[in-house]
Every structure is written in structure tokens, then in C-alpha cells.
Amino acid sequence: MNLSRRELDSTVVNIELTLASIIQGVALYFLTENARTALSLNNWPALLYLSAGLCVIFIFWSRSIIHTLTLIKWPLEFGHNFFYIACALGEAILFTRLERPLAWFRLSTAYAAFVWLLFVYDVRLIRARLREAANEPERSLYQRTMEDQSLNIRVLVPLLFFFNLGCALAISHWQDFFIDRAGNVWLIAAQLVSFLAYLAYVARFYNRIAPLILRSHESAGQ
């Protein structure tokens, strides 16, 4: 790989990392601002919604960092970054609904659908990297990334989407239980547990591919 290509790759990676950090910082601002209002009302279930919102930020940031370390190279992928910005907008809107369970799960459903589209869109980027792979460490890394992408597209994100959809429909049809008698606490608790489980999966996935990332960069530098 020539020096100019390496410099361009490094520039694009820096742009991607900066963008991911900034947009999640904006999302965190909206979460903090709305949490302050919700918690001031001594509304303890809001802590569950706040924790779930924080997990959303953790998940998106960690996934974007892994994506950057594994796939991002020159040229800059505009469509992918536009999806990132739109997802940050979705997070900001979601975080304004900490005290409205029905709106929270409706927006969570829409957000999951958009993330689903992002995973599908990024498949083309992984395929491009597989075609460009110049050595075995790179091929192994991209193949492992494709397996993770397929699992998210076919199983994990659809489960999240339909779970949120089911919660929204349940609250809409049985408001006397889920709103008047605070039954939504069970739903947000289940959502929080699912987010924590997914975070554990992401951490485990990163630990598995970290050696592959190192070997692929070493091979590219030779």
C-alpha cells in the first residue's frame, strides 16, 4: 500500500471517529437535559428509561467504533455517515420521551427499523472490503465481520424491532394496566435487560476480532 493511500485511509478514519463521537455527544446532551426534568419529579421509573437511553448511546458508539476500526478506508462513504447523523437525530427525539412510555416504545420501534436499514446498507461496504482483501488476516477479519452483520440483520435487530413493536401495541391496547397502573415498568425493564445483553455481545465480538484487526493492520503495513 502506498504512502498516499495510507494517509487518506488515516484521514477518513479520523473523520469517522470524530463524527461518531460528536453525534453521540449531542445525543447524550438531549438525554441529560430531559433526564434532569424527569428525575426532578421523583419519578423513579424514569431511571429505567434513562438507563435504557444511556445503553442506546453505548451500543451505537461501540458499534460505530468497531465498524471504523474494521472497515473504514478511503474513499469516504457519504451514505453510511448520513445514516449515522439520522440515527443521532432519532436518538435525540427518543430521549425527549422519557416520561411517555407509549411514545418511547413507538419511537424505539422506528429507531430499530432505521438501524436495521443501516446494517443492510453496510453489507455492500463489507463485500467491497472482502473483494479488496490482499492477505489472509484481512479476509478473516472481513469474513468475521460479515458473519456478525448477518446475525444482526437476520436475528438480533429484528428481535429488537418486534419487541418494541409488541410493547407499543400492548401499551396502546391496555393503557389501564401499562399506564394507569405503571405496568410499563416491566416493559422498560425488559428492554434494559435486552440492551445490556446486546452490549455484552458487542464486547465479546470485539474481543474476538481485536487480534484480527491487529494482524490485518500489520500485514497492510508490510
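Pro-75 sits in the loop that links α2 and α3. The model is a predicted one. Its protein chain has seven helices and zero strands, giving the pattern α-α-α-α-α-α-α along the sequence. Taken along the principal axes, the C-alpha atoms of the chain fill a box of roughly 65 × 30 × 25 Å.

**The loop between α2 and α3**

- The peptide bond joining Trp-74 and Pro-75 is cis, with omega at about 5°.
- Glu-77 also belongs to the loop between α2 and α3, the latter helix covering residues 78-94.
- A polar atom of the Glu-77 side chain lies 3.2 Å from the backbone nitrogen of Gly-79.
- The side chain of Glu-77 also makes a polar contact of 3.2 Å with the side chain of Arg-124.
- Leaving aside residues up to four places away in sequence, Glu-77 touches Tyr-121 and Arg-124.

**Helix α5**

- Helix α5 runs over residues 136-173, and its 38 residues should span 56 Å at 1.5 Å a residue; the C-alpha atoms at its ends are 54 Å apart, which agrees.
- The N-terminal end of α5 is capped by Asn-135, which has a side-chain oxygen 3.0 Å from the backbone nitrogen of Glu-138.

**Packing of α2 against α5**

- Helix α2 covers residues 45-71, and its axis comes within 11 Å of the axis of α5, the two crossing at roughly 150°.
- This crossing of α2 and α5 is left-handed.
- On the α2 side the contact is made by Arg-63, Thr-70 and Leu-71.
- On the α5 side the contact residues are Leu-141, Tyr-142, Thr-145, Asp-148 and Asn-152.
- Sorted by class, the contact between α2 and α5 has three nonpolar, three polar and two charged residues.

**The loop between α6 and α7**

- Ala-182 lies in the loop between α6, residues 175-180, and α7, residues 184-221.
- Although Ala-182 is not a glycine, its phi is positive, at about 60°.

Notes:
Residues are numbered from 1 along each chain as its sequence is written. This is a predicted model: local features need pLDDT of at least 70, side-chain atom pairs count only at pLDDT 80 or more; totals for chains, interfaces and linings use all residues. Side-chain values use heavy atoms; hydrogens and water are left out. Helices (H or I, at least four residues) and strands (E, at least two) are DSSP runs, numbered from the N terminus. The expected span of a helix is 1.5 Å times one less than its number of residues. A polar contact is a pair of N or O atoms within 3.5 Å; within protein, one must be able to donate a hydrogen and the other to accept it, and residues adjacent in sequence count only if both atoms are side-chain atoms. Axes are lines fitted to C-alpha atoms, for helices over the stretch in contact, and angles run from 0 to 180 degrees between N-to-C directions. A crossing is left-handed if the near helix is turned anticlockwise from the far one by less than a right angle, and right-handed if clockwise. Contact means heavy atoms within 4.5 Å. Ala, Val, Leu, Ile, Met, Phe, Trp, Tyr, Cys and Pro count as nonpolar, Asp, Glu, Lys and Arg as charged, and the others, Gly among them, as polar.
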